[in-house]
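Here are a few friendly notes to read alongside the model. Please keep the 3D view open and find each residue as you go.

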Amino acid sequence: MHRIRYMSVNTFNRLISKTVRRIGKLRRLELQGQYGTCGRREFSSLTDEENSKWKNWFRSHEYQPIWTPSPVSKLRNTDQLDRLSDSVLDNASKCLVLQLDDITYCIQDFNRRLDVPTTVECNFMMKRLNAFMNERKEFSTASYRSYIIWKKMEHCVDIRRDLRHNSVKSQYHYSLPVPNRDTYMEVLSSQAQGDSSGIRTDAAQERAMNIARKMEERYDEGHWDARPDIAVWNQVLASWAHSSHPEKSFEAAKLLKMKIGQNADASSFGNVFKACASTEGDARALELARRVALRVWDDLKTSPLISPPSSPDHEHALERGSYMIAFALKSLQLVGDGATRDETIKSQFDTACRLGLVNSHVLLALKSVASDKILKDLLGKHIANEAEAIYHLIPSSWKVNAKANAWGW
């Protein structure tokens, strides 16, 4: 005769809860099999790396119900997003934007189940958009979409704060996608990227400034991940360097002085010199860029940055030193022929030789601004050769620290 086993009330409740969770998981798997995973990020269980076949998970014809306007969506003031040439990435990023938009309007609707994306998923989508910009050179459309994703994530921070302040309990309270350090760097990188086709946008630097100001605001509120350091301000300076604003040289120099100060590295100065060298406009804008370039070089000469290398930190600060010197030389195109121009060219090239930062870009910039007399004084008999040939003939001490990096500098 078998004995009847009794269970306690707590054991019974745990069993019921476990069964309910299993049913819910099976239901979610069923829905994912029917509607897909909407381009979400998944990892390999063995390598913990992003699955290279993530694009195949999203097929736009399976998501037609998503794009059907609902009574709630008709009332929204949604952002108009231009279409990307990559239809898979276009649909996946639009779906993510709609999911973030649902949080704003339906977070307190406890009877509606929301598909809340995670911070990792949002960061991964920004990373894919940045890679898309590098591949297809569609700068304005992809960078604006990254900015919209970040903007809606920032709204989630305010939503979570309001829920906590009003003591509202929500099942999504701790799962909202809020920005972290990776989020800020990805969205800033999207605003700082240039376009090799020559197309520039005035909106990118304004968006980059808005992101940096929001980081300062979040940091004051106690979000330590949002501390704007030199890497953040260098991205903002890069966005100004790619701008077509007539006074971008002055704005970049002001940012360098007020936000970075003595912590400036070679990338910081290089972005300011690039803003000066690429200035276009009337005589007033060109004169302003000329004065800024000469003033920034005078400040750089007294900076500890171009002192002889003495520590690993100093070498890291000069990682993009060739970039800095090349655009410092190019900015001298704004300076008229005369003693000031010749002396500055010699000073800049002597600094590059002393620090071992001479590469092909520096030599090309030198040949574009220096007269034949100055070139003969600096390069001697190699003046008639091309930049690539000169690079192999100059002393090795001139190029010992001119390391190639991801930007070709």
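1. Start with the neighbours of G321. Leaving aside residues up to four places away in sequence, G321 touches A266 and L357. Keep in mind as you look that this is a predicted model.

2. Now see where G321 sits. G321 has its place in helix 13. Is G321 buried or exposed? Its relative accessible area is 0%, and buried means under 20%, so G321 is buried.

3. G321 and V358 are 37 residues apart along the chain, and 9.1 Å separates their C-alpha atoms.

4. Move on to S322, which is also found in helix 13, a helix covering residues 321–330. S322 counts as buried because its relative accessibility is 2%.

5. Which backbone atom lies 2.7 Å from a polar atom of the S322 side chain? Look for the backbone oxygen of L357.

6. Finally, zoom out to the chain. The chain has 17 helices and 0 strands. Of its 409 residues, 44% are buried. The accessible surface comes to about 22,900 Å², and carbon and sulfur atoms account for 51% of that surface.

7. One last point concerns contacts across the chain. Take the contacts between residues at least 6 apart in sequence: 72% of these join residues at least 24 apart.

Conventions
Residues are numbered from 1 along each chain as its sequence is written. This is a predicted model: local features need pLDDT of at least 70, side-chain atom pairs count only at pLDDT 80 or more; totals for chains, interfaces and linings use all residues. Side-chain values use heavy atoms; hydrogens and water are left out. Helices (H or I, at least four residues) and strands (E, at least two) are DSSP runs, numbered from the N terminus. Buried means under 20% relative accessible area, exposed over 50%, partly exposed in between (1.4 Å probe, protein chains only). A polar contact is a pair of N or O atoms within 3.5 Å; within protein, one must be able to donate a hydrogen and the other to accept it, and residues adjacent in sequence count only if both atoms are side-chain atoms. Contact means heavy atoms within 4.5 Å. Accessible areas come from the Shrake-Rupley method with a 1.4 Å probe; for residues, only the protein chains shown count as cover.
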